Amino acid sequence: MRMLVLGAGGTGGYFGGRLAQSGADVTFLVREARAAQLDRDGLVIRSPLGDARFPVRHLTAPQLAGAAAAQPFDMVLLSCKAYDLDSSIEAIAPAVGEGTTVWPILNGLKQYESLDERFGEQGVLGGLCFISATKSDRGEVLHLGRPASVTFGERSGDPRSARCQALADAFAAAGVDHHYSEHVARDQWIKFAFLTALAGATCLMRASIGDIVAAEGGRAFVEGLYEECLAVAEAAGHSIPAEARDKALGMLTQAGSSVTASMLRDLESGQRTEGAHIVGDMLRRARAAGQAAPLLDLAWVHLQAYEARRPAG
């Protein structure tokens, strides 16, 4: 399987890097400055699961069409931020041929509207990941904490997928935690509901889960926000299983927890957030289903106000 990874930042750099480290046929599509960095230093991963430094194949945009014509790509791994989705689609388009699969592991679900329109529903695999990772100023891929897993599956639910089996084999060889799911839409909704509640609560309150639930009314607020998300999932035909609900609610209401959403870190550093793609999209779906969602509404108004006053750039 020949894979193109868009960018060599935190998420794509980690998962694509682990595949490349194991000998998989992986090429990174990067900007000129990152290409020079990779030429000089190789791809550097700092992780509790093992540090690594090794050379990787990489291309810049002007080289992509020629490389794809000479040897087509089987898979494109897309792990950009949601607000960069449109430009990312344009960047990978020269690599997507008739037999190429686009595998997005972005947060949320809204990306499928644009990807399906551009590449066709059959050409877009279902996927998600769990990792906290970023790229340092020196270009190192920094894996923060131990969890690092990917999930993939046919959105039709077909359990006999050659492309999914190829992914499973590649990640097994790389020693990366992975799940070939026959219910990837359900798995995506499990994460979407949890992440929306986590981001909505911690961004609105500018606080960790532990600090929120310690406040008078804080636990009830988080539980109510999560319940609104569960109702949206139910209306969409993807009821969250009881075990997954209990696990998520336990994390969302854990006393003393220091957990916050990565969106809060973006907000506190003055960066753009994925608020529209996560909280805003969940609210849009609630409204489409005719559901009242006052807590989601509050969280979304807050994120819009933040973006309105955020300095441009």
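**Helix pairs and domains**

Me: At roughly what angle do the axes of α7 and helix α9 (residues 218-235) cross?

Reply: The model discussed here is a predicted one. In it, the axes of α7 and helix α9 come within 9 Å of each other. The crossing is right-handed, and its angle is roughly 145°.

Me: How many nonpolar residues does the contact of α7 with α9 have?

Reply: From α7, the contact involves W189, A193, F194, T196, A197, G200, A201, L204 and M205. From α9, F221, V222, L225, Y226, C229, V232 and A233 take part. By class, the contact has no charged residues and two polar ones, and the number of nonpolar residues is 14.

Me: Is α7 roughly parallel or roughly antiparallel to α10?

Reply: The axes of helix α7 (residues 184-205) and helix α10 (residues 242-252) come within 11 Å and cross at roughly 20°. An angle under 35 degrees counts as roughly parallel. Therefore the arrangement of α7 relative to α10 is roughly parallel.

Me: Is the crossing of α7 and α10 left-handed or right-handed, and which residues in α10 does α7 meet?

Reply: The crossing of α7 and α10 is right-handed. On the α7 side, the residues are I190, F194, A197 and L198. By class, this contact of α7 with α10 has eight nonpolar, no polar and no charged residues.

Me: What percentage of residues 185-307 is helix?

Reply: The UniProt annotation "domain: Ketopantoate reductase C-terminal", from an unreviewed entry, covers residues 185-307. The end C-alpha atoms of this span are 30 Å apart.

Me: What percentage of residues 4-156 is strand?

Reply: UniProt lists residues 4-156 for "domain: Ketopantoate reductase N-terminal", again in an unreviewed entry. The end C-alpha atoms of these residues lie 24 Å apart. The span is 32% helix, and its strand content is 32%.

Me: How many Å separate the centres of domain 1 and domain 2?

Reply: The domain assignment gives domain 1 as 2-182 and domain 2 as 186-309. Taken over C-alpha atoms, the separation of their centres is 27 Å.

Me: How many residues of domain 2 are in contact with domain 1?

Reply: Contact here means heavy atoms within 4.5 Å. By that cut-off, domain 1 contributes 20 residues, and the number from domain 2 is 16.

Terms used:
Residues are numbered from 1 along each chain as its sequence is written. This is a predicted model: local features need pLDDT of at least 70, side-chain atom pairs count only at pLDDT 80 or more; totals for chains, interfaces and linings use all residues. Side-chain values use heavy atoms; hydrogens and water are left out. UniProt positions are given in the numbering used here, feature names are shortened, and annotations may be inferred rather than shown by experiment. Helices (H or I, at least four residues) and strands (E, at least two) are DSSP runs, numbered from the N terminus. Axes are lines fitted to C-alpha atoms, for helices over the stretch in contact, and angles run from 0 to 180 degrees between N-to-C directions. Angles under 35 degrees count as roughly parallel, over 145 as roughly antiparallel, 65 to 115 as roughly perpendicular and the rest as oblique. A crossing is left-handed if the near helix is turned anticlockwise from the far one by less than a right angle, and right-handed if clockwise. Ala, Val, Leu, Ile, Met, Phe, Trp, Tyr, Cys and Pro count as nonpolar, Asp, Glu, Lys and Arg as charged, and the others, Gly among them, as polar. Domain bounds come from an automatic or database domain assignment.
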